[in-house]
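The sequence and the model come first.

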Protein chains: 2
Amino acid sequence: MNSATQNEAIHVVGLVGSLRRGSYNRLLMELAQRVAPEGMTIELFDLDDLPLYNGDIDNDNDRPQAAIALHRAVEQADALLFATPEYNHSVPAVLKNAIDWLSRPQRGGGTPPIWAKPTAIMGAATGMWGTIRAQKHLRSILAATNTPVVMKPDVLVRNVKSLVVEGRIDDESTEGFVHELLENLAELTWRHQREYNA
Amino acid sequence: MNSATQNEAIHVVGLVGSLRRGSYNRLLMELAQRVAPEGMTIELFDLDDLPLYNGDIDNDNDRPQAAIALHRAVEQADALLFATPEYNHSVPAVLKNAIDWLSRPQRGGGTPPIWAKPTAIMGAATGMWGTIRAQKHLRSILAATNTPVVMKPDVLVRNVKSLVVEGRIDDESTEGFVHELLENLAELTWRHQREYNA
């Protein structure tokens, strides 16, 4: 892990719960990249090639390359950012799969990369409820992995289709909420790193 | 859907949330096959080849063969049975992925196969809590898909490792709970089909 202190750069890995090319949650992640506070970079990690978790290949010889790459990216990041759609009142399998892999020890043993990694979550939906149930499940899943999650603000983007202009989410209110979320993520990351480095 | 009435055969599709060959939940599914009530058959549907859900390939031209086969199997079944491990306080991505696919309309349109399909859930864990949190999430997910789920008994198999003898779960108490669960699944299926055929 980097050892950023306040005012130092923060490197965030962004995970999007939808594989669809035109995903609204991908657009939300791109909005986050635009409104991130100074010094924060958000790198989108693509989950397309990550196979479904299977205990039989979860060992130092057989672990798939995509899982190793995901582990490495999160291990090297200061913080995580999830953009989740809501499928069937919960997180998509795509996102749960990433977490299932990230909750496993690193190659050669050691702490799972998601363990104690400062994290923020947000979500966008075409409907009226803005992924509220998916985010509730996601928070309880991230309690299992000892992952500190920014509490406020809730970023629940509803009716997202109506906010898209020329291929991007163009909405001041959403930009404000996401910016505040990321400022709080920076704060959580600095506090966390001070405690770990103390 | 078949139109079984009481005392007619019930065909159940069984889905296991772990891909691991030696999975305890697979053993639990095999136990269910052994103790199923007379006239009930449980066919294990293998989820190994089911790709992660992706809206871009979820159409009549691009839907993967494994998703089409899963749709067909569940459509033709009278009922569903889930055996779920607990990963990170929730259902494994493997099971959520099956549900994400099954919650989509059938090829050519029409009702999703999981819609209104009578279902029972059970789970086994090596730890002390017997998948209780995964099952809680699973029930709330299945509320989204309008899937009626057997209420009782809870089949929460804990310390499952200690129950395995010669490659099978050998435990009278577990057999009794699973048998009761399946009797209630048969009851729910008959009642459901009477109502739908009335």
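## Aromatic pairs across the interface

A:Y53 is buried, because its relative accessibility is 8%, under the 20% cut-off. The model is a predicted one.

A:Y87 and B:Y53 form an aromatic pair with edge-to-face geometry. Their ring centres lie 5.7 Å apart, with 90 degrees between the planes. A:Y87 sits in the loop between β3 (79-83) and α3 (93-102) of chain A, and B:Y53 in the loop between β2 (40-44) and α2 (65-76) of chain B, so this pair joins two chains. Both partners are buried. A:Y87 counts as such at 18% relative accessibility. For B:Y53 the relative accessible area is 8%.

Over all chains, a search of the whole structure finds four aromatic pairs. One of them is formed by A:Y53 and B:Y87, again edge-to-face, at 5.7 Å centre to centre and 90 degrees between the planes. A:Y53 belongs to the loop between β2 (40-44) and α2 (65-76) of chain A, while B:Y87 belongs to the loop between β3 (79-83) and α3 (93-102) of chain B, so this pair too joins two chains.

The two pairs are set out here.

| Pair | Centre to centre | Angle between planes | Class |
|---|---|---|---|
| A:Y53 and B:Y87 | 5.7 Å | 90 degrees | edge-to-face |
| A:Y87 and B:Y53 | 5.7 Å | 90 degrees | edge-to-face |

A tryptophan also takes part. Ring pairs link A:W101 with A:Y53 and B:Y87 into a cluster.

Next, the interface as a whole. Which number of residues does each chain bring into contact? Chain B has 28 residues in contact with 28 residues of chain A. Interface size is often expressed as the accessible area lost when the parts come together. Here chain B and chain A bury about 2300 Å² between them. Carbon and sulfur atoms account for 58% of that area.

How many salt bridges does the rule find across the interface of chain B and chain A? It finds zero. Polar contacts are found, however: 14 residue pairs across the interface, both residues at pLDDT 80 or more.

On the side of chain B that touches chain A, the elements giving two or more residues are α3 and α4 (132-144) of chain B. The largest share, six residues, comes from α3(B). By type, the residues of this side divide into 13 nonpolar, ten polar and five charged.

Conventions. Residues are numbered from 1 along each chain as its sequence is written. Chains are lettered from A and ligands numbered from 1 in the order in which they are written. This is a predicted model: local features need pLDDT of at least 70, side-chain atom pairs count only at pLDDT 80 or more; totals for chains, interfaces and linings use all residues. Side-chain values use heavy atoms; hydrogens and water are left out. Rings of Phe, Tyr and Trp (its six-membered ring) pair if their centres lie within 6.5 Å; planes under 30 degrees apart count as stacked, over 60 as edge-to-face and the rest as tilted. Helices (H or I, at least four residues) and strands (E, at least two) are DSSP runs, numbered from the N terminus. Buried means under 20% relative accessible area, exposed over 50%, partly exposed in between (1.4 Å probe, protein chains only). Contact means heavy atoms within 4.5 Å. Buried area is the accessible area (1.4 Å probe) that two parts lose on being put together, summed over both. A salt bridge is a side-chain nitrogen of Lys or Arg within 4 Å of a carboxyl oxygen of Asp or Glu. A polar contact is a pair of N or O atoms within 3.5 Å; within protein, one must be able to donate a hydrogen and the other to accept it, and residues adjacent in sequence count only if both atoms are side-chain atoms. Ala, Val, Leu, Ile, Met, Phe, Trp, Tyr, Cys and Pro count as nonpolar, Asp, Glu, Lys and Arg as charged, and the others, Gly among them, as polar.
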